[in-house]
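Welcome! Please take a moment with the sequence and the structure, and then read on for a short tour.

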Amino acid sequence: APGQRFAQFQPDPAAKAAVHAADRAHVFHSWSAQGLIDPLPIAGAEGSYFWDYDGNRFLDFSSQLVNTNIGHQHPKVVAAIQEQAGRLCTLAPGFAVDVRAEAARLIAERTPGDLDKIFFTNAGAEAVEHAVRMARVHTGRPKVMSAYRSYHGATAAAINLTGDPRRWASDTGTAGVVRFWGPFLYRSHFHATTEAEECERALAHLEETILFEGPQSIAAIILETIVGTAGVLMPPAGYLAGVRAICDRYGIVFILDEVMAGFGRTGTWFAADLFDVTPDLLTFAKGVNSGYVPLGGVAISGAIAATFDQRPYPGGLTYSGHPLACASAVATINTMAEEGIVENAARIGADVLGPGLRELAERHPSIGEVRGAGVFWALDLVRDRETREPLVPYNATGADNQPMAEFAAACKKQGLWPFVNMNRTHVVPACTVTEAEAKDGLAALDEALNAADAHT
Ligand code: PMP
């Protein structure tokens, strides 16, 4: 029964000390000053929760890195991985394999339009790398355009396309990347006051940028359907359709990055479904199998697939379509369909999280804006609602970041694990989150937000 594992868990200080010591001695952690972090040893996870060796249980409102859409340790997915491991662990990408073919079919069936061919990668950044390569070879053009407020991954091309300041230290400055401002009415770059104005001006800015760069040099525009890490920015009505029209006008490949937004997070299979838009290439990872085994990929349109019908696609990966990853994707997608998990995410968003977060915004002066859909929300925290000054400065580190660090600590004290990025806290539980869990999370946020209010 759910919750049973935690009920049976006994605090284990010796195990905690051993894990901590080995981690500190030998694990080099992502995005971190190694001497300034102290990673929490985790003993187990189930459903919407994980727990440490002292027996503190956390409601996972981060879904780790927004990937455990089906929750932790879903028994059907675990069983599928075990079954596949007993049958066939690995086979080169050149062979036809049952679980690989079935995963591709299930994904292609759900992606919009004619995105019917699937190239598998190990993660999101590799999906972006390959989508960009496909677009460059397909068009014979060199440049790719991306938005300043974006995150596309940490490999060579993906980090250059990323707008997030995490790019700065590893930006190679190579030619071929052109950045532009996407729409964001709350902090409009276009001095817009309505959504319609923001949309129109953002599209005009994009088209003007293309005309000055030279449309014949631009292979692709890549956008997150809903900008994720950089703040859960919902595109205004008409924006994505407008970008689609611009791409068609200039023969530019339209790439939608759904690594974070895809596979149920928005209460639809893909965020593109919310906006009725079909890209030429769609990148996915994370929710495709909730990250139980690393997996990502690119869904490819008929026209781009045709480019590589009689000439080889110049790229590949030893583990493309890895059987363990594909088996877990098949089980995840089938389980999400059978158990109505995407519908659950939509209902929790519409009935619990959306109204609950808006109600918190009425009482907490630190909440500048509430944005999102499904189980994909962010609170934009501010010092001052009038000026909209962010609670911490852009790219704050150390002492500057104290208000957000205090807010995050207050969440953890309430047993809530948040996803915090700059002045935002994302509210991103599993798509399987229950109404009771979502309400518990909102109550914990209510308490923790007092720490942010203290800085307004
Ligand atoms: N694209 C988007 C939109 C993402 O959110 C992420 C990861 N946060 C990536 C790409 C990169 O994915 P990965 O970390 O699996 O390489």
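## Helix α8 and the glycine after it

Helix α8 is followed by Gly 214, whose phi is positive, near 100 degrees. Helices here are DSSP runs of H or I with at least four residues, strands are runs of E with at least two, and both are numbered from the N terminus. This is a predicted model, in which local features need pLDDT of at least 70 and side-chain atom pairs count only at pLDDT 80 or more, while totals for chains, interfaces and linings use all residues. Residues are numbered from 1 along each chain as its sequence is written.

The 19 residues of α8 (residues 195-213) should span 27 Å at 1.5 Å a residue, and the end C-alpha atoms are 27 Å apart, which agrees. The expected span is 1.5 Å times one less than the number of residues in the helix. Glu 198, Cys 199, Ala 202, Leu 206 and Ile 210 of α8 are buried. Seen down the helix axis, the buried residues of α8 fall within an arc of 100 degrees, so they line one face of the helix; the arc is that of the directions from the axis to the C-beta atoms. A residue is buried if 20 or more other C-beta atoms lie within 10 Å of its own, exposed if 12 or fewer, and partly exposed in between, with C-beta atoms placed from the backbone.

What lies on the other side of α8? There, Ala 204, Glu 208, Leu 211 and Phe 212 are exposed. The cover over the buried residues of α8 includes β6 (177-180), β7 (218-224) and α9 (239-250).

## Strands and their partners

An open sheet of four strands runs in the order β1-β2-β3-β14, with mixed pairing. β1 (42-46) and β14 (416-417) stand at the edges with a single partner strand each, so one side of each is left without a neighbour in the sheet. Two strands pair if DSSP finds at least two bridges between them. β1 pairs with β2 (residues 49-52) in the antiparallel sense over four bridges, and Gly 44 stands opposite Trp 51 in β2.

Elsewhere, look for strand β4 (residues 117-121), where four of the five residues are buried. β4 and β10 (residues 296-300) form an antiparallel pair over five bridges. Ile 118 has Ala 299 in β10 as its bridge partner.

## Two residues with positive phi

Ser 63 has a phi near 50 degrees, a positive value in a residue other than glycine. Ser 63 lies in helix α3 and counts as buried because it has 29 C-beta neighbours inside 10 Å.

Asp 276 also has a positive phi, near 55 degrees. Asp 276 sits in the loop between α10 (272-275) and β9 (281-284). With 10 other C-beta atoms within 10 Å, Asp 276 is exposed.

The contact takes 29 residues from domain 1 and 30 residues from domain 2, where two residues are in contact if their C-beta atoms, placed from the backbone, lie within 7 Å.

Which elements supply the side of domain 1 that touches domain 2? α3 (63-66), α13 (341-363), β11 (367-373), β12 (376-384) and β16 (424-427) each supply at least two residues. The largest share of that side, five residues, comes from α13.
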